[in-house]
Amino acid sequence: MKLKACIKSIASYLPEKTLTNKDFESFLDTSDEWILKRTGIKQRYIASETENTSDLAYKAAIKAIQRAKIQTNDIDLIIVATLSPDYFTMPSTAVVVANKLGLKGVSAFDISAACSGFIYMLELARSMVESGAKKNVLIIGAEKISSVLDYTDRTTCVLFGDGAGACVVSASEGKGIIDIHTGSDGEFKDLLCTKRSNQTKQLEPIKLEMKGNEVFKVAVKTLSDDVSYLLDKNKLKTSDIDLFIPHQANLRIISYVQEKLGLSDEQCVVCVDKFGNTSAASIPIAINEAYEQGRLTNGKLMLLDAFGGGFTWGSALTYFDGIDYKNL
Ligand code: ACO
């Protein structure tokens with residue numbers, strides 16, 4: 001029988017400290033009004049000095065494993081998507097998380113796809129499970145994005161927040177993942193990036209740079225086109241979707257795509273106001289929000305979409321095959 005990859009659980013972890021729009025007013029030429037009007041963001045979470053991306057990832061992972069009703073030892077692959085890894089190029093954050101989980105000998109690696117990381121990981125996890133190569137894949141989007149931000153640059157630092165979201169993908173009898181589409185276009189590599197002038201020996205401080213306005217224009221078109229492509233390919237209509245869970249970068253981008261596709265407010269999951277843009281963690285955190293609010297229950301059909309640095313993008317159509325939150 002053909003193996004079917006299913007999303008068995010979802011969980012998230014946010015650091016304790018919040019940074020509100022008002023907090024920025026004390027050290028930056030900005031205002032609560034500007035940030036809220038242009039982005040829909042009210043606050044974001046910021047990790048402490050001693051917390052690393054792997055710590056956030058680990059805490060989300062523990063919950064995701066418990067919610068999938070499996071043992072930590074059942075995990076045979078860990079993938080982490082992040083643009084703010086613990087180490088510069090090695091070891092991967094996934095390896096650090098594996099060590100924190102007490103897993104020796106498990107396959108573990110990171111991927112780099114910026115804010116689209118979760119969709120890319122889901123595609124990888126699905127292939128691994130459906131090919132029979134792995135049984136239980138732990139995928140984690142995790143960011144201490146505050147560590148790559150310049151807090152004197154008002155055009156970027158107000159947009160992002162720290163956090164992690166994790167998910168277990170396993171072979172099971174559920175309805176499973178229907179389809180995933182990912183893409184990229186390196187022509188836009190310098191519009192949203194953490195630059196390294198040239199590969200000289202001296203490393204400069206890493207700093208996220210973004211030409212927000214230009215990113216915005218490409219993002220809205222690419223996202224709506226990609227989602228429409230995936231729905232058409234699978235002969236589905238927007239009315240078939242229970243929950244539309246987009247990357248939480250900017251409320252204006254989400255609203256544009258929602259309107260273009262004719263999705264109702266009841267179908268859309270929006271939490272950018274609470275978390276800001278948490279890059280690779282944004283989609284699993286948003287899925288978890290819907291889950292803990294009781295909106296995402298077993299058998300619900302989700303449409304996920306993401307867009308990020310690269311540019312990279314991706315959409316996924318998937319059922320949720322985990323245990324309902326109230327039954328945990
Ligand atoms: N407070 C006050 N004013 C500001 C701020 C701020 N925090 N930031 C910028 N401004 C000013 C600018 O300096 C500019 O002033 P000027 O007209 O005097 O030059 C003015 O506001 C307008 O700036 P724009 O960049 O045109 O503002 P825009 O409406 O485009 O909003 C934003 C900026 C929020 C960044 C928006 O473009 C956006 O959300 N872009 C997309 C972000 C995104 O989707 N990223 C992809 C994923 S992230 C990832 O992959 C890591």
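Me: Which residue in β13 stands opposite Leu303?

Reply: Leu317 in β13 is the one opposite Leu303. Bear in mind that this is a predicted model.

Me: What makes β12 and β13 a pair?

Reply: Two strands count as paired if DSSP finds at least two bridges between them. β12 and β13 (residues 312-319) have 8 bridges, in the antiparallel sense, so they meet the cut-off of at least two.

Me: Why are β8 and β11 called edge strands?

Reply: The open sheet of 4 strands is ordered β8-β13-β12-β11, with mixed pairing. β8 (177-184) and β11 each have a single partner strand, so one side of each has no neighbour in the sheet. From one strand to the next, the twist averages 10 degrees.

Me: How do you know that both faces of β11 are covered?

Reply: Take residues 243-246 side by side: Leu243 and Ile245 on one side are buried, and so are Phe244 and Pro246 on the other. Buried here means under 20% relative accessible area.

Me: How do you know that the span of helix α5 agrees with its 14 residues?

Reply: At 1.5 Å a residue, α5 (residues 117-130) should span 20 Å, and its end C-alpha atoms are 20 Å apart, so the two agree.

Me: Which residues of α5 are buried?

Reply: Among them are Phe118, Ile119, Met121, Leu122, Arg126 and Glu130. Just past the end of α5, Gly132 has a positive phi of about 90 degrees.

How values were computed. Residues are numbered from 1 along each chain as its sequence is written. This is a predicted model: local features need pLDDT of at least 70, side-chain atom pairs count only at pLDDT 80 or more; totals for chains, interfaces and linings use all residues. Side-chain values use heavy atoms; hydrogens and water are left out. Buried means under 20% relative accessible area, exposed over 50%, partly exposed in between (1.4 Å probe, protein chains only). Helices (H or I, at least four residues) and strands (E, at least two) are DSSP runs, numbered from the N terminus. Axes are lines fitted to C-alpha atoms, for helices over the stretch in contact, and angles run from 0 to 180 degrees between N-to-C directions. The expected span of a helix is 1.5 Å times one less than its number of residues.
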